[in-house]
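Let's take a walk through a protein model together. Have a look at the picture first, and then we will build it up piece by piece.

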Amino acid sequence: MAFRLLRVKGYDVSSDEFEEFVDQEHFFDTVGIQYSGVSTLLELYRASQTRICDEGVLDKIHAWTSAFLKQQLLHQTILDKRLQKQVDYDLKNFYGTLDQFGIRRSIELYDARDFQILKTAYRCPTVHNDDFILFSVQNFRISQSRYQEELQQMERWYVECRLDRLNQGRKILQISYILTAAVIVGPELSLARISYAQVVVLISCLDDFFDLYGSKEEAFRIIELVSNWNVHPETNYCSQEVEILFTALYNTVNEVAEKAYDKQGYYVEHDLVSMWLELLISFRREKDSWNQNNVSTLDEYLSFAWKSVGCKLCVFTSVHFLGIRISEDIFTSTEYTSLCQHSSLVCRLLNDLKTFKKEHEEGALNSVNVQTVDGGISEEDAVLKVEEIIEYNRRKVLQMVYKRKGSILPRECKELFWKTCKIAHCLYSHEGGDEFSSPIDVANDINGLISEPL
């Protein structure tokens with residue numbers, strides 16, 4: 001646990017200290033019985049999940065600890081039911097456990113709802129540190145009330161933008177906000193949560209329009225309107241959907257830019273507009289490239305597809321509201337650009353793995369489809385290749401997030417990129433389908449954060 005906590009907080013700790021644990025048999029032969037239980041193995045497994053590039057020691061530990069814990073679950077040998085559930089949670093989707101989802105699960109595992117809070121005393125016979133658990137319960141309830149208020153604010157924005165009048169496309173307002181609230185946690189970060197969630201909603205609405213029901217002419221009209229941001233004749237939108245989408249985007253971006261200026265003292269409108277234009281062009285390119293068969297390699301696809309997932313926009317929009325001063329220079333730095341690209345690739349490719357069959361039917365380009373077209377390689381091999389790229393880029397993201405020395409990016413900024421990756425893991429790493437469009441496995445977590453009383 002000490003290694004994991006030090007590493008995630010940015011301390012330079014070497015995984016070589018775990019060399020003696022790389023072999024499972026040697027571990028059980030040399031470690032005392034009191035230190036070889038499931039709890040210890042779970043912590044060792046968690047430590048292995050902080051591995052970055054070229055860490056063979058942690059790779060080997062991860063391989064045998066994950067296999068061992070899976071066997072323990074399979075044979076039902078973990079007698080402590082709370083520990084059994086925790087092992088199950090971690091094995092299913094370690095990177096996809098969002099902060100607030102994990103907190104609620106932990107509270108419930110420790111029977112925190114059995115507290116009886118009196119005027120002068122309280123008692124919990126099953127938890128050693130009553131104070132911490134009680135504080136967690138009270139804090140979660142306060143946060144839940146705040147999230148309910150912010151969700152209502154999001155709903156008012158949605159109606160004011162007339163996005164509720166779009167009859168086609170996914171209905172993703174609630175899940176967009178809840179996922180955001182699960183990772184941007186502090187009570188003082190309301191504006192960061194709302195601005196991030198608004199970007200997710202707008203990206204999804206525009207993506208559905210470009211992919212599913214908007215015409216090619218309408219798509220190009222939206223791109224043209226964004227290109228000429230402050231010059232858009234109100235009578236020439238070409239359709240009501242274009243008018244609604246562009247007006248919602250225009251008003252939201254301008255409002256966010258004004259608030260960012262109040263917080264940081266510099267203008268971000270031009271940068272925001274440029275990023276939205278880049279995103280929309282990448283939407284159109286993905287669609288055209290598949291229909292016209294003019295993208296022939298995975299590398300060619302990856303060169304532009306990372307831009308279409310919206311990670312860059314989500315972080316840039318909300319990072320100005322994290323309560324820290326941010327220099328404009330960092331957004332053009334090599335470190336920021338690299339972290340943005342690695343994070344975006346993780347999100348893009350996790351999405352691709354869950355949606356490639358649906359997107360093939362819709363005529364949309366995808367990292368799996370581009371490899372299998374015209375009998376290139378098998379679907380199974382294509383998926384394995386994409387998984388390798390995800391693993392590489394995730395390790396690069398973690399390496400950059402953990403790094404302290406020589407980094408010019410504020411820790412809060414780097415963590416927001418990683419939290420965006422965690423949202424993607426939460427949505428697209430379950431055994432089922434696309435949890436963003438049709439939440440099933442995460443439904444209990446969503447309800448638990450926003451509506452179900454604790």
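To compare two helices, we use axes, which are lines fitted to C-alpha atoms, for helices over the stretch in contact, and angles that run from 0 to 180 degrees between N-to-C directions. This is a predicted model, where local features need pLDDT of at least 70, side-chain atom pairs count only at pLDDT 80 or more, and totals for chains, interfaces and linings use all residues. Residues are numbered from 1 along each chain as its sequence is written, and side-chain values use heavy atoms, with hydrogens and water left out.

Start with the overall fold. The protein chain has 19 helices and 0 strands; helices (H or I, at least four residues) and strands (E, at least two) are DSSP runs, numbered from the N terminus.

Now zoom in on one pair. Helix α7 (residues 130-160) packs against helix α19 (residues 443-450) at about 95°, and their axes are 7 Å apart. The two are therefore roughly perpendicular, a label for angles of 65 to 115 degrees. Where do they meet? On the α7 side are Phe 140, Gln 144, Tyr 147, Gln 148 and Leu 151, and on the α19 side Gly 448, Leu 449 and Ile 450, with contact meaning heavy atoms within 4.5 Å.

Finally, find the largest pocket, which holds about 1,500 Å³ of space. On a 1 Å grid over the protein atoms alone, a pocket is an open set of points where a 1.4 Å probe fits, with protein on both sides within 12 Å along at least five of seven lines; lining residues have an atom within 4 Å of a point. The volume is the space filled by probe spheres set on the points, which are joined across faces, edges and corners. Of its 38 lining residues, Arg 4, Leu 5, Phe 94, Asp 99 and Lys 422 are closest to the centre. Helix α6 gives the most to this lining, with 7 residues.

Definitions and conventions:
Angles under 35 degrees count as roughly parallel, over 145 as roughly antiparallel, 65 to 115 as roughly perpendicular and the rest as oblique.
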